[in-house]
Amino acid sequence: MFNYGYQLGVSDAQQMREKYFDIRDLIKQGPTLHCKKGHIKGLIFEGYIELYDDKSVKTVYGTGTWLHSYEAKVHLDYFGQSDTPVCHTLMGFSTGYMSTIFQFEVKVVEKTCVARGDESCTWEVYTVNQLLDESKERSENQVSFDLIEIGNIQSKMIQAIIDGATVEDILKEAEKTFGRTFLIEDIFYNFAHSTILSESDRQFIEQDMRIYDQKEREQLGTYFFEKRQQLSFTKKVIQLDKHVRLTNTVVVKNKVVAYLSMISMHSKTFTSYDYLLLSRMTNVISVLLMMNSVLAKSKAEDESKFTNEILHQRLTDKNQIQSRSRYYGIDINQLYTVAILRWSTSIVKIQKEIENFIRRHLKKQRTLISFKEQELVILLFHPLKDHAFILKVFSNLREAIIEQFPNYPVQIGYSDIGQSIWEASSHYNEAAIALVSSPNASITAFKDISILSIFINDLNTEHIKQLAKNRFAGIFSLKEQKRNELLETLYIYLNNNLKIETTMRLLNISKSGLLYRLENLKEYMNTDFKDVNENFQILLLLKTIDIYSKSSNIQNGDFLVDFRDS
């Protein structure tokens, strides 16, 4: 019966090779022909087919299920239950068909059979010569399992995850079971988790990946991060200077979130069995990271809510605050600093990724974090009143963010050092003032800003607008170029105590040109600049407009004034 099935398979394969040229189309026709002949009513296949560059098949390894095998049914009807699998025609057909289209010998073995009392008729297919060669390559601790056993191991690992197993637990079990070294990296190829690696091996791998990461960024271009999120690939070998890896993307909710790799520090040819193991481990890690993501999101949302309640004084029970803060590993009796991070470019699409990156970067610090729209707030707790330490933490954080997300510039403003958690709201306002007081600075401390910045922040901005419109009505009625020219002249003239020579030098204009502008200003403003108090009020209003325009990113031409340093 096997030989009969084999000849059927060879004959059908030869006919199909005349109609189809793509190996993938030829593979798809096999189950269809099986069903048309009435051998089965359906087929399930899972496994790995490795192709050469010319699309010919290099090796195959997989498992399948024949649905409603006619041979099993006939055997039960006429002979009763068998002690061994009986689907010989099906095995023969599959062997003959695949050996012909692949152009090398494959072996199909029925593993379970309905006629034997099993739940289904399952089979395993493999490349005969390839598996013989691979068996020699495996070290003693690299135990071989068939697909059904691997599937059972995968199921046990997923159950272990449900029961609370960590990433480290799963990787340790994988190394023990399969004898391979696995490594998980984030989307920037930073180490996240791994099986046991020596410190020197880890350094070699990190060195390799820094170079690889930079080259890939250059290839992907400006929005490399977003492209990486969508750049899903299935098991590719990456040969690097110090190590070689078989890598797969870990995809959660249609986004690449990590990479899972099988690592070798020596020259190695990965086998189809390695590809299969990595595929199954990727499934396990995807489930684990998805569950961790759900838990992390829930914790982050709770932390954000708790942080906002502190900042906006919605919690008044100190015992409740202390109890909840201990959950996040925070001692609220320590000194603290409030920082606000703000982005000028929309980060809606990658907000979660940025938040996760910041949390990983600050994992050694004691922090509470809240994220809302374009703004992230950090409460940094620290034991000492050390301004240099605080600046270093936030400077390093900003540099790391810019390095990983270069298309999303961020500014940081942070407060003076707080001593009581009940004053957190006040320190949050300090951070907000620091952030808007120096719009062109990448990072600003509240202790370093001018008094005028505080003055502006506390004023009603509509009053500023109205006061400016009234005082500079004549100038604001002019065209933009003329208006800005006069306002700049007025600012520099008053800011330098009415000194003609200094004003000429800073404006780089002639004396006659300056005097002409001053006459225009006297006319439009109805003043002769002889009243010291009036001059001070005009200068103060000009400084207010300048700071307000920049800090608020005003686009209204009436208030967009760019004064030179003087």
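Buried, in this talk, means under 20% relative accessible area, exposed means over 50%, and partly exposed is in between, with a 1.4 Å probe and protein chains only.

Some ground rules before I go on. This is a predicted model, so local features need pLDDT of at least 70 and side-chain atom pairs count only at pLDDT 80 or more, while totals for chains, interfaces and linings use all residues. Residues are numbered from 1 along each chain as its sequence is written, and side-chain values use heavy atoms, with hydrogens and water left out.

Cysteines, then. A disulfide is a covalent bond between the sulfur atoms of two cysteines. The criterion here is a pair of cysteine sulfur atoms within 2.5 Å. How many disulfides does the rule give? The count is zero. For Cys87, the closest cysteine sulfur belongs to Cys113 and is 4.0 Å away, which is too far for a bond. For Cys121, the closest cysteine sulfur is the one in Cys87, at 4.0 Å, again too far for a bond. Cys121 counts as buried, with 1% relative accessibility.

Next, the aromatics. A pair of aromatic rings is described by the distance of the centres and the angle of the planes. Rings of Phe, Tyr and Trp (its six-membered ring) pair if their centres lie within 6.5 Å; planes under 30 degrees apart are stacked, over 60 edge-to-face, and the rest tilted. Across the whole structure, the search finds 18 aromatic pairs. One of them is Phe93 with Tyr97, a stacked pair at 6.0 Å centre to centre, with 15° between the planes. Where do Phe93 and Tyr97 sit in the fold? They are four residues apart in helix α4 (residues 88-102), so about one helical turn separates them. Helices, for the record, are DSSP runs of H or I of at least four residues, strands are runs of E of at least two, and both are numbered from the N terminus. Phe93 and Tyr97 are both buried.

There is also an aromatic cluster, formed by Phe188, Phe225, Phe357 and Phe405. And Lys299 lies over the face of Tyr327, 5.6 Å from the ring centre. That label requires NZ of Lys or CZ of Arg within 6 Å of the ring centre and within 35 degrees of the ring normal.

Val74, Tyr78 and Phe79 make a nonpolar patch of about 390 Å². Patches are made of residues with over 30% relative accessible area and no salt bridge, where like charges are joined within 9 Å and nonpolar side chains (Val, Leu, Ile, Met, Phe, Trp, Tyr) within 5 Å. The areas come from the Shrake-Rupley method with a 1.4 Å probe, and for residues only the protein chains shown count as cover. Is Phe79 buried or exposed? Phe79 is exposed, with a relative accessible area of 64%, and is found in helix α3 (residues 70-79).

Now salt bridges, meaning a side-chain nitrogen of Lys or Arg within 4 Å of a carboxyl oxygen of Asp or Glu. The structure holds 21 of them.

In one, Asp118 meets Arg116 at 2.9 Å, N to O. Both ends are partly exposed: Asp118 has a relative accessible area of 25%, and Arg116 has 27%.

Another joins Asp213 and Arg228, at 2.4 Å, N to O. This pair links distant parts of the chain, 15 residues apart, with Asp213 in helix α8 (residues 199-220) and Arg228 in helix α9 (residues 224-230). Asp213 and Arg228 are both buried.

Arg359 counts as partly exposed at 22% relative accessibility, whereas Glu355 counts as buried at 5%. Elsewhere, salt bridges that share partners join Asp213, Glu216, Arg217 and Arg228 into one network.

Finally, backbone angles. Tyr189 is a residue other than glycine with a positive phi, near 65°. Tyr189 is found in the loop between β5 (181-186) and β6 (191-194) and counts as buried, at 5% relative accessibility. Leu498, also not a glycine, has a positive phi of about 65°. The loop that holds Leu498 runs between α18 (480-495) and α19 (500-507), and Leu498 is partly exposed, with a relative accessible area of 29%.
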